[in-house]
Amino acid sequence: MTATTPTDRVASRRPLIRRRSAIPGFSLTMGLTLALLSLIVLIPLSAVALKASEQSAAEFLQAAFNERALTAYRLSFGAALIAALINGLFGLLTAWALVRYQFPFKSLVNGIIDLPFALPTAVAGIALATLYAPNGWIGALLAPAGIKIAYTPLGVIVALTFIGLPFVVRTLEPVMRDLAADVEEAAASLGATRLDTIARVILPALAPAWLTGFALAFARAVGEYGSVIFIAGNMPYKSEIAPLLIIIELEQYDYAGAATIAVVMLSVSFLMLFVINAVQAWARRLAA
């Protein structure tokens, strides 16, 4: 048998979590992280849940699942999902064009994509409502065909698409830049068609980043308020979003009712993000 030295015994007892790092102090950094996370995220969300729990079960169900609230949920989550899917498609094409091609005014296009990040949401809502109103530049062209966008659920989708596009584009761009063109050339040399290269080489490599951008666009769209209320029309049972319903409850001093709607939105958002993250992890394993 080989004798073990005291140094070996000490080394074997060292915790596996300790690693050499340029930033020392795991306990300090983790403590600060958890403290800030609790103050900024966990405690406020817990306070909302506690406020909603002040009601009885019957009051909670009535506030959370009455007909007006259900209509607002359907519009908020349905429009956010549709807008995220639209952004997923056009964001992929936009990012591909920006990374792989050179064209006039490319820098201008690149800056316009980031405009929803910098533009105040109220300004975006007013601009969209002005453009798509029946007497607006775009709305007037669509009116003869019987297409009405402003003050309808379709206007909500337009607003949510506008604010969500940069999330998909900026998430995909770094991955596309790292995706070497010689991979496509190798696939072509092996006899793969363009469609085969896209389906079997490019899309699997982009899938995790695409799902991340999709999730970010969806999450932003679900909670969007400023750019939507001006173009939605805010008609109950038709074009009223859930965040606006929360504001209405607060203006009526029904804090428990507002917290109840917020809890439902949080629960559904967490569930959908959990599903998206699970699919994203599966896509990463598949790409590997």
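Visitor: On what basis are residues numbered, and at what pLDDT do side-chain atom pairs count?
Guide: Residues are numbered from 1 along each chain as its sequence is written, and side-chain values use heavy atoms, with hydrogens and water left out. This is a predicted model, in which totals for chains, interfaces and linings use all residues, local features need pLDDT of at least 70, and side-chain atom pairs count only at pLDDT 80 or more.

Visitor: How many helices and how many strands are there in the protein?
Guide: Helices (H or I, at least four residues) and strands (E, at least two) are DSSP runs, numbered from the N terminus. Along the sequence the pattern reads α-α-α-α-α-α-α-α-α-α-α-α-α-α. The count is zero strands and 14 helices.

Visitor: Which element of the protein has the lowest mean pLDDT?
Guide: The pLDDT is the predictor's confidence in each residue, from 0 to 100. The protein has a mean of 85, with 89% of its residues at 70 or more. Where pLDDT is low, the predicted coordinates should not be read in detail. Helix 4 has the highest mean among the elements, at 93, and the lowest, at 52, belongs to helix 1 (residues 6-12).

Visitor: What percentage of the residues in the protein is buried?
Guide: Buried means under 20% relative accessible area, exposed over 50%, and partly exposed in between (1.4 Å probe, protein chains only). The protein has 288 residues. Of these, the buried share is 34%.

Visitor: Is threonine 260 buried or exposed, and with which side chain does its own side chain make a polar contact?
Guide: Threonine 260 belongs to helix 14 (residues 255-287), and it counts as buried because its relative accessible area is 0%. Beyond its neighbours within four places in sequence, threonine 260 has contacts (heavy atoms within 4.5 Å) with Ala52, Gln55, Phe60, Ala63 and Ala64. A polar contact is a pair of N or O atoms within 3.5 Å; within protein, one must be able to donate a hydrogen and the other to accept it, and residues adjacent in sequence count only if both atoms are side-chain atoms. At 2.5 Å, the polar partner is the side chain of glutamine 55.

Visitor: Is phenylalanine 274 buried or exposed?
Guide: Phenylalanine 274 also lies in helix 14. From alanine 215 it is 59 residues away in sequence and 9.9 Å away in space, C-alpha to C-alpha. Because its relative accessibility is 58%, phenylalanine 274 is exposed.

Visitor: With which side chain does the side chain of glutamate 240 make a polar contact?
Guide: Glutamate 240 sits in the loop between helix 12 (226-232) and helix 13, and its relative accessibility of 3% is why it counts as buried. Leaving aside neighbours within four places in sequence, its contacts are Arg68, Ala72, Leu75, Asn234, Met235, Leu245 and Ile248. The polar contact, at 2.6 Å, is with the side chain of arginine 68.

Visitor: How many of the ten residues of helix 13 are buried?
Guide: Helix 13 spans residues 242-251 and is mostly covered. Its buried residues are Ala242, Pro243, Leu244, Leu245, Ile246, Ile248 and Glu249.

Visitor: What is the phi of tyrosine 151?
Guide: Most residues other than glycine have a negative phi. Tyrosine 151 lies in the loop between helix 8 (137-142) and helix 9 (153-178), and it is partly exposed because its relative accessible area is 31%. Its phi is positive, near 65°.

Visitor: What is the phi of phenylalanine 105?
Guide: Phenylalanine 105 is placed in the loop between helix 4 (67-100) and helix 5 (106-113). It counts as exposed because its relative accessibility is 65%. Its phi is positive, near 60°.

Visitor: Which element gives the largest share of the lining of the largest pocket?
Guide: On a 1 Å grid over the protein atoms alone, a cavity is a set of points where a 1.4 Å probe fits but cannot get out, and a pocket is an open set with protein on both sides within 12 Å along at least five of seven lines; lining residues have an atom within 4 Å of a point. The largest pocket has a volume of about 360 Å³, and of its 15 lining residues, the closest to its centre are Trp96, Glu184, Arg194, Ile198 and Ile202. Helix 4, helix 10 (181-189) and helix 11 each give two or more residues to this lining. The largest share, six residues, comes from helix 11.

Note on methods. Grid points are joined across faces, edges and corners, and a volume is the space filled by probe spheres set on the points.
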